[in-house]
Amino acid sequence: MGGPVLVGLDGTGNSVPAVRWGAEEAAVRNLPLHLLHSWVSQPWPMSCAPGEADRRRYGAEVLGRAEALVGDLRPGVAVTAQQVGEEAADALAECSGTATLLVLGSRGHDRISGFLLGSVSLRVLGRAACPVVTVREEESSVGPGPEVVVGVRETGTEGEAVLDYAFTTASAHRADLRAVRAWASDETAGAAGARESLSASVAPWREKFPDVRVVEQVAVGRAVPVLLAACSRAGLLVIGRRPQRTPLPLGPSVLAVLHHSRCPVAVVPRGA
């Protein structure tokens, strides 16, 4: 058995979809589930912020409700709960080192604002050692559904962690996988080369996961619009991020996908 599925809870409406998603991931992957809440990072208005004892009591209630929800949804999943006295982003980043997957909730979005991520989520996404799935507040699904979409940017070992996570997830959920590469030019020979490169990147993973049905797609355009269009009917979009990126932990393409995706997004550290 690998490391746990880790879920970060802030006690708001964001937490429920994250707990539901995390419980399902733990069940299908046969992993334990670890719930984490920081009592010092609770989202209280400054005008009515309670004292430490009340914050701790509230944190215990948050964790208790989450444990009960997991018990209702997936009673066979082993659950542990932890309340910490350090900032949520620091605690989650530290725990991600031994986790298989981290699940975070995100505020809902509308047609204009897109996927709204809090400061804690952004800080964790840039530092986490494991893949991080962001699940929006209004998300009703508890898994990637019939199709997982993965963005494939490069050949070689740097992208292996991204493909590994995408294929493992598709296999665990018996979902199809759509491997997508954007091609900036409509020049025929170049597009053919991009298709060959994509096939070469995916080939070893096809062999490793023969149960996963794979669709390879090369589309003309910039990476972000191509990916967003490809995942319009998908249940999960998987993208990579460069580790230890400075000064900004997340690149503009990753941020754009996170803000505008209509489905949950898994961000995987490349080379992890």
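**Cores and helix packing**

Student: Which residues touch the most other members of the largest nonpolar core?
Tutor: This is a predicted model. Its largest nonpolar core holds 44 residues. Those touching the most other members are Leu33, Val150, Phe167 and Val238.

Student: How many residues are in the second, separate core?
Tutor: Its members include Ala91, Leu102, Val224 and Leu250. The count for this second core is 32 residues.

Student: Is α1 parallel or perpendicular to α5?
Tutor: The axes of α1 and α5 lie 9 Å apart, at an angle of about 80 degrees. Angles of 65 to 115 degrees count as roughly perpendicular. Therefore α1 and α5 are roughly perpendicular.

Student: How many residues of each class form the contact of α1 with α5?
Tutor: From α1 come Glu24, Glu25, Val28 and Arg29. From α5 come Tyr165, Thr168, Thr169, Ala172 and His173. By class, that contact has three nonpolar, three polar and three charged residues.

Student: What term describes α1 relative to α2?
Tutor: Helix α1 (residues 15–29) packs on helix α2 (residues 52–73) with axes 10 Å apart. The angle is about 45 degrees. That angle makes α1, relative to α2, oblique.

Student: How many charged residues are in the contact of α1 with α2?
Tutor: On α1, the contact uses Val16, Val19, Arg20 and Ala23. On α2, the partners are Ala66, Leu69, Val70 and Leu73. Seven are nonpolar and none polar, and the charged count is one.

Methods: Residues numbered from 1 in each chain as written. Predicted model: local features only at pLDDT ≥ 70, side-chain atom pairs only at ≥ 80, totals over all residues. Heavy atoms only, no water. Axes fitted to C-alpha atoms, helices over the stretch in contact; angles between N-to-C directions. Helix = DSSP H or I, 4+ residues; strand = E, 2+ residues; numbered from the N terminus. Parallel < 35°, antiparallel > 145°, perpendicular 65-115°, else oblique. Contact = heavy atoms within 4.5 Å. Nonpolar A, V, L, I, M, F, W, Y, C, P; charged D, E, K, R; others polar. Core = buried A, V, L, I, M, F, W, Y, C linked by side-chain atoms within 4.5 Å. Buried < 20%, exposed > 50% of the residue type's maximum accessible area, 1.4 Å probe, protein only.
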